[in-house]
Amino acid sequence: MSSLFNPDKTLYSIDASSLIEAYHSYPFDIFPTLWEKLEALIKEDRLKMFEYVYDIEVKDEELIDWCEENNLKPYLRATIDQVDQKKAQALSPLLVNPDTGESGGDPWVIALAQELPNGVVVTQEKASRNKDYPKIPNVCSDLEIECIDLIGLFRKENWTF
């Protein structure tokens, strides 16, 4: 995967929480420029989401329609063969939810960022103070992977609206 990307550009592994937050906080009709910029970032192969995370967590029909109408799924969705499964499996025990006993897609978000040159995780999760239940930002910090939220993405890309 890495050889397909420009190592001089920041590449993002986006968690579903961020795409869903964008959809709920920045409606298409009020923030069209934001959605145009996100579309361009996706089509430049600079913003990726692991397919499992997309398929399981993105439920809003209008958001799914936006991806389909703009032919974004082939660009946005990183497939299992593009992510080191061993890395994701190694991260799984670190991100287990004590209530469910599962780690969901979080290990894949981080593993995808590890595959990308200059990879940055974009998530709306906040770091946990509970050492027994770390969140994506905690694990990214331990692995020295940059982890930002949507506003951080906007700033990193120098977007203003």
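1. Where is the place of leucine 150? Leucine 150 belongs to helix α9, which covers residues 150-156. The model under discussion is a predicted one, and the points below should be read accordingly. Leucine 150 has a relative accessible area of 2% and is therefore classed as buried, the cut-off for that class being under 20%. Apart from residues up to four places away in sequence, leucine 150 touches Ser18, Glu21, Ala22, Tyr26, Val122 and Gln124. A separation of 9.3 Å, C-alpha to C-alpha, is found between leucine 150 and isoleucine 14, although 136 residues of sequence lie between these two positions when counted along the chain.

2. The segment after α9 holds asparagine 158. Its relative accessible area of 66% places asparagine 158 in the exposed class, because exposed means over 50%. The phi angle of asparagine 158 is positive, at about 60°, although the residue is not a glycine. Most residues other than glycine have a negative phi.

3. A positive phi is also recorded for aspartate 45, where the value is near 60° and the residue is again other than glycine. Aspartate 45 is in the loop between α2 (32-43) and β2 (47-50). With a relative accessible area of 26%, aspartate 45 is partly exposed.

4. Glutamate 44 is likewise placed in the loop between α2 and β2. Its relative accessible area is 46%, so glutamate 44 is partly exposed; the exposed class begins over 50%. Between the C-alpha atoms of glutamate 44 and cysteine 140 there are 24 Å, the two residues being 96 apart along the chain.

5. Helix α7 (residues 106-115) packs with helix α8 (residues 136-143) at an angle of about 35°, and the axes are 10 Å apart. This crossing is right-handed. From α7 the contact draws on Asp106, Val109, Ile110 and Gln114, and from α8 on Ile136, Val139, Cys140 and Leu143. By class, the residues of this contact comprise 6 nonpolar, 1 polar and 1 charged.

6. The buried positions of α7 are Asp106, Pro107, Trp108, Val109, Ile110, Ala111, Leu112, Ala113 and Glu115. Among them, Asp106, Val109 and Ile110 also take part in the contact with α8.

7. Serine 103 is found in the loop between α6 (85-91) and α7. Why is serine 103 counted as buried? Its relative accessible area is 14%, and the buried class requires a value under 20%. When residues up to four places away in sequence are left out, serine 103 touches Ser92, Leu95 and Val96.

8. Serine 103 bears on the largest pocket as well. That pocket contains about 170 Å³ of space. It is lined by 13 residues, and those closest to its centre are Glu57, Ser103, Gly104, Asp106 and Glu125. The lining divides into 2 nonpolar, 5 polar and 6 charged residues. Glutamate 146 lies in strand β5, residues 146-148. At 38% relative accessibility, glutamate 146 counts as partly exposed. Its contacts, leaving aside neighbours within four places in sequence, are with Val120, Val121 and Lys156. One of these, valine 121, is 25 residues apart from glutamate 146 in sequence and 6.3 Å apart in space, C-alpha to C-alpha.

9. Lysine 73 has its place in helix α5, residues 73-76. Lysine 73 is partly exposed, its relative accessible area being 26%. Not counting residues up to four places away in sequence, lysine 73 touches Tyr54, Cys67 and Glu68. Lysine 73 and glutamate 39 are 34 residues apart in sequence, and their C-alpha atoms are 11 Å apart in space.

Conventions:
Residues are numbered from 1 along each chain as its sequence is written. This is a predicted model: local features need pLDDT of at least 70, side-chain atom pairs count only at pLDDT 80 or more; totals for chains, interfaces and linings use all residues. Side-chain values use heavy atoms; hydrogens and water are left out. Axes are lines fitted to C-alpha atoms, for helices over the stretch in contact, and angles run from 0 to 180 degrees between N-to-C directions. Helices (H or I, at least four residues) and strands (E, at least two) are DSSP runs, numbered from the N terminus. A crossing is left-handed if the near helix is turned anticlockwise from the far one by less than a right angle, and right-handed if clockwise. Contact means heavy atoms within 4.5 Å. Ala, Val, Leu, Ile, Met, Phe, Trp, Tyr, Cys and Pro count as nonpolar, Asp, Glu, Lys and Arg as charged, and the others, Gly among them, as polar. Buried means under 20% relative accessible area, exposed over 50%, partly exposed in between (1.4 Å probe, protein chains only). On a 1 Å grid over the protein atoms alone, a cavity is a set of points where a 1.4 Å probe fits but cannot get out, and a pocket is an open set with protein on both sides within 12 Å along at least five of seven lines; lining residues have an atom within 4 Å of a point. Grid points are joined across faces, edges and corners, and a volume is the space filled by probe spheres set on the points.
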